[in-house]
Amino acid sequence: LANDGYKLWMQYYPIENAESWQKEGIAKYQINATSPTLAIINDEIKRAGKGFFNFEPAENQENPKLIISKLSDLNLTTFQINKEKITALGEDGFSISKSENSETLILANTDIGLLYGTFYYLQLIQKGSEVPKEGIFQSPKIKHRVLNHWDNLDRTVERGYSGFSIWNWHRLPRHIDQQYLDYARANASIGINGTVLTNVNANSLVLTTEYLEKVKALADAFRPYGIKVYLTARFSSPIELGRLKTADPLNEVVQNWWKEKAKEVYDYIPDFGGFVVKADSEGQPGPHNYGRTQADGANMLADAVAPFGGIVMWRAFVYSENTPDDRHKQAYNEFKPIDGEFRNNVIVQVKNGAIDFQPREPFHPMFGAMPNTPLMMEFQITQEYLGHDTHLAFLAPMYEEVLKEDTFVNGKGREVAKIVDGSLDGHSLSAMAGVANIGTDRNWTGHHFHQANWYAYGKLAWNPYENSEKIADDWLRLTFNNDDTFITPVKEMMLESREMVVNYMTPLGLHHIMAESHHYGPGPWVTGGSRADWTSTYYHQASESGVGFDRTKSGSNALGQYSENLQSVWGNINSIPEKYLLWFHHVPWEHKLQNGENLWNNLALHYQKGVDEARANVKLWESMKGKIDQERFEHTLSFMKIQAEEAAWWRDACLLYFGQFSKMPLPSGVESPK
Ligand code: GCU
């Protein structure tokens, strides 16, 4: 049977030392109590057992070696358990430990905690790792760990490169496809507990009775996996569905319309998560249409879902071509003055950077600027600006870079992760969103290695302090094998891959120079068009005097939105980390960088480096032949060849384009464009 990658990181391939694991592991197990979630655990153990050992583990036998139990169902006279420690793990946490009789105990406070613990344990077995003596105690640092699907009701996916939407609205609600359940399993296995089914560019139709029945069917299917369903709400729905004349958030009739709508939604889905809203952005309606603030809009929806325990994730991605300011500054300027004006069931959803999911962006200056409002992180998993489906880019290092960045707001140690998990400002509402890269492709994500980005997102949403190296290592072992001659080089390739993409696309702080509208391939020449802030020349500002966007005091002063500390380090052309140089500065071509070479030479060398790396990856991958199954090997190889060709396309296009301004020759070692 071909390995088409459908099983993601839940391959459950045969393990080494199967005999010892059979005794210790999952061969005989006991699950205290029954419930739909516990039935899923049961199935998963059997499925894994078949894969690992080629036999079916048996449940509820005498002398079980594995006991899975909520704390409340455990006989505490038999086991010495630190009750407080388990209780402190909260709703989603779990522990895995050994009893005095060397049974493995998976304990939690809820069924969902047990599901997470079971997946974790199965992953340990697959990796050949042991439960450490001191045990494992895990609980998520972030409360709402959600995927955002930019899926339309006609099944196209905005910025989706892996086929069509997996939501088959036509067959819903009567048909629940196995793929939905596998999707839920995959998410639960990495701790994702929410899914926003619909595109942020929302269609109000999803709030009609016909669609709510379908949404309910999905919510029912996902519930035992601990996954809540959310929808995007189109701000003008009261007009489109309710035939009202206005959607003004301060209008009582409008407010009541939303209250009624929320009640209807909760009648179908009692544990509905809430609404995600994109307002006043890229043509979407919003409170601006009525001269109201983002808080007015968010609070209206928050009041509608509050009686049912729902939340509103209000996006900060608000910008307009009519605002003369640098696009970089607009969200901050709009939101900072209303810090603290949001209801306590609103969380503001902020993209990792101020522009738009570029291969590299400095962290969004809103992080740190709004201590009185919970802010959530929005990452993009789908690769809108990183080569779509065919370019390998392991994104964990990109996420990690932003999460670990110190904002220096009111001192040191104010990392973005601490703002997102709520710990810095004492917010109990915390969330992370990842724009999904999932579609109907057999392997879910187009590129096999892009499965790793879904996985990495889940792991970082659970623990934003996790490191990329561990995530890559685990993912490879779960997805392919435990052969270090494969894992070590391929892991290194993954860890370098995002930087490689930065090198051949947007080195040294360049950004948004992709082709117009679809954003695939180079387009530094894009100019004119429908809006200035959708052109490349707006962002790179290349001329004979130099290249880069001056965001210091002499320019737009977007830098002024960051802490004093960062203003002084990043504001100086000689002390700013070079990776952000052209993001904040307009730099003369002949300016010397740290390596003593001028800017032009550095730019050219970065582009060449990216190409060299992409080509080296093809060679490296070819040398892995035979170490994994033929199907995934060939598929990946053909994508990597495309990437290497297109890296050269990027280099040639950008160097030819920028060379018109620098008018300098290419440094040695850089191939002449063809
Ligand atoms: C980007 C993307 C759009 C998307 C938007 C958003 O601009 O190109 O397709 O709708 O982000 O996040 O709202």
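Which residues does the UniProt annotation "active site" cover? That unreviewed entry lists Glu-282, Asp-356 and Glu-384; UniProt positions follow the numbering used here, feature names are shortened, and annotations may be inferred rather than shown by experiment. Bear in mind that this is a predicted model, where local features need pLDDT of at least 70, side-chain atom pairs count only at pLDDT 80 or more, and totals for chains, interfaces and linings use all residues. Residues are numbered from 1 along each chain as its sequence is written.

**Around the ligand**
- The residues around the ligand are Glu-158, Arg-159, Val-200, Asn-201, Lys-278, Ser-281, Glu-282, Phe-317, Asp-356 and Glu-384, each with its C-beta atom, placed from the backbone, within 6 Å of the molecule.
- Sorted by class, that shell holds six charged, two polar and two nonpolar residues; Asp, Glu, Lys and Arg count as charged, Ala, Val, Leu, Ile, Met, Phe, Trp, Tyr, Cys and Pro as nonpolar, and the others, Gly among them, as polar.

- Asp-356 sits in the loop between β12 (346-351) and β13 (375-380); helices (H or I, at least four residues) and strands (E, at least two) are DSSP runs, numbered from the N terminus.
- Setting aside residues up to four places away in sequence, Asp-356 touches Lys-351 and His-512, where contact means C-beta atoms, placed from the backbone, within 7 Å.
- Glu-384 belongs to the loop between β13 and α11 (396-404).
- With 21 other C-beta atoms within 10 Å, Glu-384 is buried.
- Beyond its neighbours within four places in sequence, Glu-384 is in contact with Arg-159, Phe-357 and His-519.

**Asn-201**
- You'll find Asn-201 in the loop between β8 (194-196) and α6 (209-222).
- Asn-201 has 15 C-beta neighbours inside 10 Å, so it counts as partly exposed.
- Its contacts, leaving out neighbours within four places in sequence, are Glu-158, Lys-278 and Gln-284.
- Asn-201 and Ala-279 are 78 residues apart in sequence, yet their C-alpha atoms are 8.9 Å apart in space.

**The C-terminal domain**
- The unreviewed UniProt entry annotates residues 445-670 as "domain: Glycosyl hydrolase family 67 C-terminal".
- This span is 52% helix and 0% strand, and its end C-alpha atoms lie 34 Å apart.

Definitions and conventions: Two residues are in contact if their C-beta atoms, placed from the backbone, lie within 7 Å. A residue is buried if 20 or more other C-beta atoms lie within 10 Å of its own, exposed if 12 or fewer, and partly exposed in between; C-beta atoms are placed from the backbone.
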